[in-house]
Amino acid sequence: MPVARVNRVLCVAEKPSIAKAVANHLAGGQVTTRNVRGNPYVKNYEFQYTFQTWGACTVTMTSVLGHLLSHDFDARYKAWKSCDPSQLFEASIDDFVEESKQPLADNIQSQARYCQILYIWTDCDREGENIGTEIRSVAVKGNPSLSQPGKTVRARFSNIERAHIINAAGNPIALDEAQSNAVQSRIELDLRIGASFTRNLTLSVQPMLRQHFGNDDQGVISYGSCQFPTLGFVVERYLRVRNFVPETFWSIKVMHEKDRVKVNFRWARNHLFDRMVVVVLFERCLAAKTARVTKVQTKPTSKWKPLPLTTVELQKCGSTFLRLDSARVMQVAEGLYQKGWISYPRTETDQFDRDMDLRALVQKQTQGGDWAQFAQGLVDGGFSLPRSGRNNDKAHPPIHPVNFVNPTQLNQDEQRVHEFVVRRFLACCSEDARGSKTDISIVFGSELFSTSGLTVLERNYLDVYKYDRWTSSQELPRFQEGEVFEPTEALMSEGQTSPPGYLTEPELIALMDANGIGTDATMAEHISKIKERQYVETRARARGARQGDDDDGAASDGETAAGAAPAAGRGRGRGRARGRGGRGGGGGEDRGATNGMQEFIPTTLGVALVEGYENMGFEISLTKPFLRKEMELKMKAICEGRKTKAEVVHETIEQYRDVYVRTQQRLDTLRAAVRKYCFGENG
Amino acid sequence: MPSQRLLTATPATANGNAAEIGASVSAFLTAKGVPPTQAWLHTFLSGVRLTTPVIALQQTALFQIRKADLQTSITRSPSNLLPPGTTDPATKEKHVCGPITVQVLDIEDIGRSRWSQVEALEALERGETTKGREVIRVVPEESGPDSTAVADEAKSSGPHKLLLQDASGAQAYAMELLPLKGVGVQMSVGGKLVLRDFTVARGLILLEPRNVELLGGKVEAWDKKWREERKQRLKAKAGIGGER
C-alpha cells in the first residue's frame with residue numbers, strides 16, 4: 001500500500017453558503033475558519049479530509065460570489081461616442097477582475113500556491129462550469145501546475161445533503177470545457193450585440209425623448225436579444241386585447257328534466273357565428289319534436305398526478321398558486337437549496353432516475369408538517385412510482401425535498417415554496433386520482449348534443465396536492481341507448497366573444513419556453529429586466545374581468561373595444577399604456593406576493609419599440625423569438641460538441657450585423673412609433 | 001384553308017372527325033354534370049389537337065370546363081338549375097332531386113369568430129408560420145384552477161357556409177350539415193359541385209356527403225380576388241357584429 005502523501009487541496013464553491021455547508025459535511029465539524037482580507041462574506045475553511053482519489057489531505061475550502069471575471073470593451077471603445085456602434089461587433093474585449101472581486105481573486109491565487117489539486121465546487125450548470133474555468137484561470141496565475149491534466153477537477157452534486165456531498169467528493173470529474181465555451185460565447189454575443197444595439201437605439205431615440213419632455217432624466221434605452229422578444233410577447237397580447245372586436249354567436253341549448261334532475265346537454269357544434277344558420281337548425285330540431293339517446297357510456301377515468309418538478313413548472317406554479325413572481329420564486333428556491341432543504345432548483349429534468357431512493361425521501365417527510373400523515377400513508381404501502389416526462393438535462397434531477405425541515409424554521413415565502421415542493425413530490429409518489437365518467441349523447445333533429453357526469457371515487461394524490469381540483473359533478477339520471485324523449489326545454493341562446501386577458505407571468509413563461517428563448521435559468525431574469533427597464537409594468541388582474549375568447553354566454557361588459565390610445569408619456573416618457581377601461585388602481589409596482597394574479601401591461605415606450613421595429617419589416621424581427629431561439633440552439637450545439645465557439649460567435653454576429661444595417665436604414669420608422677405612442681401624435 | 005381541311009379529313013387516325021369527337025366529349029361532360037354549350041365546345045375543340053386520344057381530350061375538357069364560369073359554359077335546362085323559390089325563407093322545407101351543378105362563389109367558416117380568422121391571417125402575413133420562423137402563441141393547457149390559457153381558435157374549422165351559383169346566375173346559400181371532404185377556406189372559388197337529392201330549409205341548402213359531389217376546379221380571376229379581399233371582408237363582418 002502506497003504511503004499516503006499529505007496533499008493540499010483547494011476547493012472553491014460558487015457561494016459562501018455552499019462552501020460552509022460542504023466544508024462542515026466533509027470535516028465532520030472540525031473546521032478552522034479564517035477571514036479573507038477585503039471581503040466580509042467569503043471565508044476560508046480549513047480541515048483534514050481523506051479523499052478516495054488522493055488520500056489524506058489538508059483542505060482549504062473557499063468560494064467566490066458568482067462570476068469572478070468581467071468583460072468589457074477595450075478602453076478605446078468604452079465611451080459611447082467613441083466609435084460607430086457597429087464597430088463593437090469586432091472590437092476587442094478585455095477579461096478582467098472587477099475591483100470589488102479583486103480580494104476573492106487574490107485569495108484564490110495565493111491559496112493556489114500551496115495546493116496540488118484545485119477542486120471546483122460551483123453549481124452544476126453551464127454558468128457554474130464557466131465560473132469554474134474562471135476560477136482555474138485565476139488559480140493558475142498563482143500555480144501554473146494546476147493547468148496540467150487532472151490537477152483541476154470538479155464535483156458533481158445536485159443538493160447539499162451530507163451523504164450526497166461525501167459521495168460527490170469521492171468522485172470528481174473534469175470541467176466541461178464545451179459548456180464553459182457555450183457560456184463564453186453567450187457572454188461575448190450579449191456584450192457585442194447588446195452594446196451595439198443599445199447605443200444605436202439610445203442615440204437615436206433618447207434625444208427626442210429628452211427634448212420632448214424637456215428633461216435630462218431620460219436614461220439609456222437598452223436592447224437585449226432576449227428581452228426584446230419577451231417584450232414582444234407582452235406587446236402583442238396587449239395590442240390583441242385592445243384591438244379585439246367582440247362578435248355575437250348563437251347556440252342551441254337543450255335541457256331535460258328526469259328523475260328530478262335537470263340535465264343540460266351541450267351542442268356538438270358549440271356555437272356558430274351565423275344567426276340564420278342556427279335558426280334553421282333550431283327549427284329543424286323543434287320539428288323533430290323528440291330526441292333519441294345514441295350513446296350511454298360509463299367508464300373509469302382518472303386525473304393524472306403531476307409530473308416531477310422542473311424550473312419552468314416551478315415558476316409557472318409559483319405565479320399561479322403562490323402569488324410569487326418568477327424572480328422571487330427562484331430567489332427563495334435558491335435559498336432553500338443552499339440551506340440543504342431542496343435539490344438544485346435549475347433543472348429541465350422531469351423524470352426521476354431509476355435508482356433514486358424515493359421511498360427514503362418520502363420517509364423523511366413523515367416527521368412533520370401538514371403532510372406528515374399523507375407521507376406516512378405512502379410509506380405504509382400507498383407509494384407509487386412517479387410519472388416520467390420527456391426531458392432529462394442529465395445534470396440534475398427534478399426539484400424535490402432533500403431533508404425534512406420544520407416549517408417554523410422558514411420565513412413566510414420560504415414556507416410556501418417549500419410546501420409546494422414537498423406536496424408536489426409526495427403527489428408524484430402517489431396514485432392518480434380515480435373516478436367514473438358517464439357520457440351521454442343524443443340526436444335531436446339533425447343535431448348532436450351530449451352531456452357527461454363525473455364521480456370521483458379515489459382522491460389519492462389530490463389529498464396532498466391541494467393545487468389541483470377535481471370534483472364530482474351532479475349525478476346524472478339513468479338513460480338508455482335508444483331511449484326517446486321530448487326535451488323539457490330547447491332554446492336558442494346568444495352570447496358574445498370577449499377578449500383574452502393581458503399576459504400573466506405563467507403565460508409569458510410558457511410562451512418563452514415554447515418558443516425556445518431563455519433557458520430555465522434565465523427566463524426569470526429576462527422578465528425582471530423588462531420590468532426594470534420600464535418597458536412593461538405589472539398590475540393585479542381585476543377579478544372576473546377576463547374570460548375565454550368565446551366563452552358561452554359571456555356578455556360583453558360594455559367597455560368599448562377600441563379604448564383610448566396609450567396615455568402619452570408623463571415627464572419621463574414612460575407613460576403607462578392604457579389597459580381596457582383604464583383600471584390602474586395602484587398596481588403599477590410589482591409586489592412580490594399579492595392576492596391577485598399579476599398581468600403585464602407594456603409602457604408607451606415598450607409599445608413604441610416593438611411597433612417601431614415591427615414596422616421596419618419582417619426580416620428585422622428583433623421582437624420575434626426566432627433569432628434568439630437560434631442562438632440558444634447554437635449554444636446547445638457548442639455544449640454537445642457539434643459547433644465551436646468561434647463558429648457560433650461568427651455566424652451570430654453576421655446575422656445581427658445584417659439586422660443592424662437594416663435597422664440603421666429604417667430608423668425613421670422607429671422614431672415615428674415613438675412619436676405616436678410616447679408623444680401621442682397621430683400617424 | 002388547307003390545314004383545316006387536312007384536320008377534318010383525316011379518317012386515317014383512330015379518332016375520327018371533329019364532330020364525332022365533339023359529341024363524345026359532350027356526352028362525357030354531360031354525364032359528369034357539366035353539359036357544355038355549343039359555343040364552349042367549339043372554342044375547346046379549336047384549341048386542341050384532334051389527333052389526341054379521345055380519353056385524354058375528355059379529361060382535358062373536364063379540366064377546362066371546371067375552370068370556366070358556369071354561366072357561359074354549360075347549357076341550361078330546368079333540370080340542372082336551382083328550382084325557382086329555392087331561396088325563399090318562407091318555405092320551411094323543400095326537397096330537390098337534381099342533379100344541379102353549381103359553382104362556389106364564397107366560403108365562410110362560421111365555427112370561428114371572424115376576428116380570430118383575421119388574427120390568423122395577420123400572423124401569416126407577419127411570417128409567423130414560415131418554416132424556421134414560427135411563433136407559437138398557443139401553449140398547452142395548464143392544470144391549475146386559475147388556468148389562463150388563451151382559447152385561441154387555431155383549432156380545426158367548420159362548419160362552412162357556402163354561396164353557390166347555378167348556370168343561370170341564381171345564387172343560394174348552403175351549409176355543411178356534416179363535414180364535406182375538400183370543403184373549407186382553402187377551397188378554390190369557382191369550384192364546381194353537383195348536388196343531388198337534397199333538402200332546402202328556409203332557403204338554406206343543406207349539404208351532406210351523400211348528396212354532394214365535388215368536381216373541383218376554380219375560376220382563377222375570382223379566386224385571386226377572393227383571397228386578396230378576404231381579410232377586408234372578415235374585418236367588415238366582424239365590425240358589424242357578424243349578424244346575418
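A residue counts as buried when its relative accessible area is under 20%. In this predicted model, A:Cys678 therefore counts as buried, at 1% relative accessibility.

**Cysteines**
- There are zero disulfides in the structure over all chains.
- A:Cys11 has its closest cysteine sulfur in A:Cys115, 8.6 Å away, which is too far for a bond because a disulfide requires sulfur atoms within 2.5 Å.
- With a relative accessible area of 0%, A:Cys11 is buried.

**Nonpolar cores**
- The largest nonpolar core comprises 72 residues, and the members touching the most other members are A:Phe51, A:Met61, A:Tyr119, A:Trp121, A:Phe157 and A:Leu426.
- Beyond residues up to four places away in sequence, A:Leu426 touches A:Val362, A:Gln365, A:Trp371, A:Phe374, A:Ala375, A:Leu378 and A:Val464.
- Another core, of 63 residues, lies apart from the largest one; A:Phe197, A:Leu503, A:Met512 and A:Met635 are among its residues.

**Annotated domain**
- An unreviewed UniProt entry carries the annotation "domain: Toprim" for residues 8–161 of chain A.

**Setting of A:Thr455**
- A:Thr455 belongs to strand 13 of chain A, which spans residues 447–458.
- The relative accessible area of A:Thr455 is 40%, so the residue is partly exposed.
- Leaving aside residues up to four places away in sequence, A:Thr455 touches A:Gly435, A:Ser436 and A:Ser472.
- A:Arg533 is 78 residues from A:Thr455 along the chain, and their C-alpha atoms are separated by 50 Å.

Notes: Residues numbered from 1 in each chain as written. Chains lettered and ligands numbered in written order. Predicted model: local features only at pLDDT ≥ 70, side-chain atom pairs only at ≥ 80, totals over all residues. Heavy atoms only, no water. Core = buried A, V, L, I, M, F, W, Y, C linked by side-chain atoms within 4.5 Å. Buried < 20%, exposed > 50% of the residue type's maximum accessible area, 1.4 Å probe, protein only. Contact = heavy atoms within 4.5 Å. UniProt positions renumbered as here; feature names shortened; annotations may be inferred. Helix = DSSP H or I, 4+ residues; strand = E, 2+ residues; numbered from the N terminus.
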